[in-house]
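Me: I would like to learn how to read a protein model feature by feature. Could you take me through one slowly, giving the general idea before each case?

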Amino acid sequence: MRSQTKLNPVPRPKVKPQNMRAMRRFIQSAIVAIVGLACGSSLAQQPTVAPTASQLVRSIDKLEQVTDRLQRMVPDLMQQADVPGLSIALIQKGEVVWHHGFGVKDSKTKEPVADTTVFEAASLSKPVFAYAVLKLVDAGKFDLDKPLNQYLPGGYDVGDDPRLGQITARRVLSHTTGFPNWRGGDPALKIFFTPGERFSYSGEGFVYLSKAIEQVTGEKLNDFMKRMVFEPLAMTNSSYVWQSSYDSQKTSRHNAAGEPTPQNKPNGANAAASLHTTAQDYGRFVAAILKGTGLKKETREQMLTPQIKVDEGGANTTGRPADKLSPTLSWGLGVGLQTTADGISFWHWGDNGDCKAYFVAFDKQKLGIVVFANSTNGLSIMPELVAEAVGGQHPALAWIKYESYKSPARNLFKSIQASGTEAALREYRQWRTGRTATEVINEAQMNRLGYNLLGLKRVKDAIEVFKLNVEDYPQSFNTYDSLGEAYMIDGNKELAIKNYERSVELNTMNANGVGMLKKLRENKQD
């Protein structure tokens, strides 16, 4: 299963005599696979200390220095991370002062990324929708704290759970509904905990709120967004549904190997995930928040005021308690919040699989960056980009848990491509002997590696990777869930059922596992 709950600590391997040949082979294969990573880039060798945000927002000369460095640095990062195309917008003093495209829209056609190239915003859709909802609140046509089932009568897809009456727009925008991120194949939508109790990231909540908004306004969602946001902010290339102009404007999507994958063309608007836009357009939206454009002062303050602290273990707490709250990260109304030495900054990440996105903006300094990437590897270079562009501290980048382009997992992926799965995993097993948990590939990273291989249709290779993850994390329901999925794709129903059963034994609340078992057993009887 792709979504992660709290991960089990990695078991430390028994220390055996060091196999230096194996270590050398693994390191050499990684170096061969990532030509120039270790020796061709001073960036990879020398960590830099990021300046604070306030040190960067000084003058036009400082902007020119930043953009010059970005134009030298970004192509090298993209090459190392297999990211074909990227688009960046910089905001200073509350204005979009620079935007630039890098690389290509499609790794096969080689058409360059232009200023008008459209990217998938993925979950960066959510803050834009939140802004529109808050404008409706300011107009006196919607109440943040009124139960949504009073706007949209009935049980929605929840049924007769009385807790639906506790779900409000505020709880949707702060991710405290109790809904899962997505319901998967189950037509029913479950509330996993009492609304307002804790943070658990949910796209489903945003969809529910959008249905209520459509009921109140009598408009389709994209028409509402166009009227409330796109037209007032001159976001001329933005839409939650596919536009005919996107046939030529939009970038392709790319997998972990940098190969194009099927295009995503949403016919229906999804408030949580379907926004298509440009870096310049999205920069205008971030600038509007920084300047307070379109919102009452007190409403903007609410948007950027912590509503709930997040759990340090990650964004999903439907199957576990939030037992360790972050001292620096919380959620406002539609945006994540960081509280650091530079004050409050608001941010969000986007992940639609083979495209990624990120933005962060510092409220006091009126400084920010927007980044869109047409690759599943896009977030692997985000710490370097953000550090160079705006500086400061960014605990959010660690919290979302995307491994670096130069991580052990990425090196293993390159090694698998160069040497084959059997040899690469054998050398990795030997290489990691005696190393600490922080040095080796963790559960989430190995899980993503397996899904990257599934995406490349290397199903047998993915099975071997998932088997290693089960071996390392035998008490994690998610490792068995992922292995079960791989066996199902491979057509091995017996082993698929066996692994899904073990996953559900370990976590009876694993709705995905329960649903897949039902499907497999029904098909088996047929």
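Reply: Let us begin with empty space: rolling a probe the size of a water molecule over the atoms shows where empty space is left. In this structure, which is a predicted model, the largest cavity holds about 40 Å³ of space. On a 1 Å grid over the protein atoms alone, a cavity is a set of points where a 1.4 Å probe fits but cannot get out; grid points are joined across faces, edges and corners, and a volume is the space filled by probe spheres set on the points.

Me: How many cavities of 30 Å³ or more does a search of the whole structure find, and which residues line the largest cavity?

Reply: The search finds one cavity of 30 Å³ or more. Lining residues have an atom within 4 Å of a point, and for the largest cavity they are Leu379, Met382, Pro383, Leu397, Ile400 and Tyr402.

Me: What rules apply to the numbering and to the values?

Reply: Residues are numbered from 1 along each chain as its sequence is written, and side-chain values use heavy atoms, with hydrogens and water left out. Because this is a predicted model, local features need pLDDT of at least 70 and side-chain atom pairs count only at pLDDT 80 or more, while totals for chains, interfaces and linings use all residues.

Me: How many helices and strands does the protein chain have, and what percentage of its residues is buried?

Reply: Helices (H or I, at least four residues) and strands (E, at least two) are DSSP runs, numbered from the N terminus, and the protein chain has 20 helices and 12 strands. Buried means under 20% relative accessible area, exposed over 50%, and partly exposed in between, with a 1.4 Å probe and protein chains only; buried residues make up 56% of the 526 residues in the protein chain.

Me: What span should helix H5 have, and what are its end C-alpha atoms apart?

Reply: The expected span of a helix is 1.5 Å times one less than its number of residues. For H5 (residues 125-138), with 14 residues, that should be 20 Å, and its end C-alpha atoms are 20 Å apart, which agrees. Just after H5, Gly140 takes a positive phi of about 75°.

Me: Against which helices do the buried residues of H7 pack?

Reply: Here contact means heavy atoms within 4.5 Å, and the buried residues of H7 pack against H5, helix H6 (169-173) and helix H8 (221-230). Among the buried residues of H7 are Phe206, Val207 and Tyr208. Helix H7 itself (residues 203-217) reaches 21 Å from its first C-alpha to its last, close to the 21 Å expected.

Me: How should I read strands that pair, and which strands pair with S8?

Reply: Two strands pair if DSSP finds at least two bridges between them. Strand S7 (residues 308-311) is joined to S8 (residues 325-331) by three bridges, and the two run antiparallel; Ile308 has Trp331 in S8 as its bridge partner. S8 also pairs with strand S9 (residues 336-340), again antiparallel and over three bridges, with Gln338 in S9 as the bridge partner of Leu329. S8 and S9 form a hairpin with four residues between them, and Gly334 in the turn has a positive phi of about 95°.

Me: Is Met73 buried or exposed?

Reply: Met73, which sits in helix H4 (residues 60-81), counts as buried because its relative accessibility is 11%. The C-alpha atoms of Met73 and Leu385 are separated by 8.5 Å, although these residues are 312 residues apart along the chain.

Methods
On a 1 Å grid over the protein atoms alone, a cavity is a set of points where a 1.4 Å probe fits but cannot get out, and a pocket is an open set with protein on both sides within 12 Å along at least five of seven lines; lining residues have an atom within 4 Å of a point.
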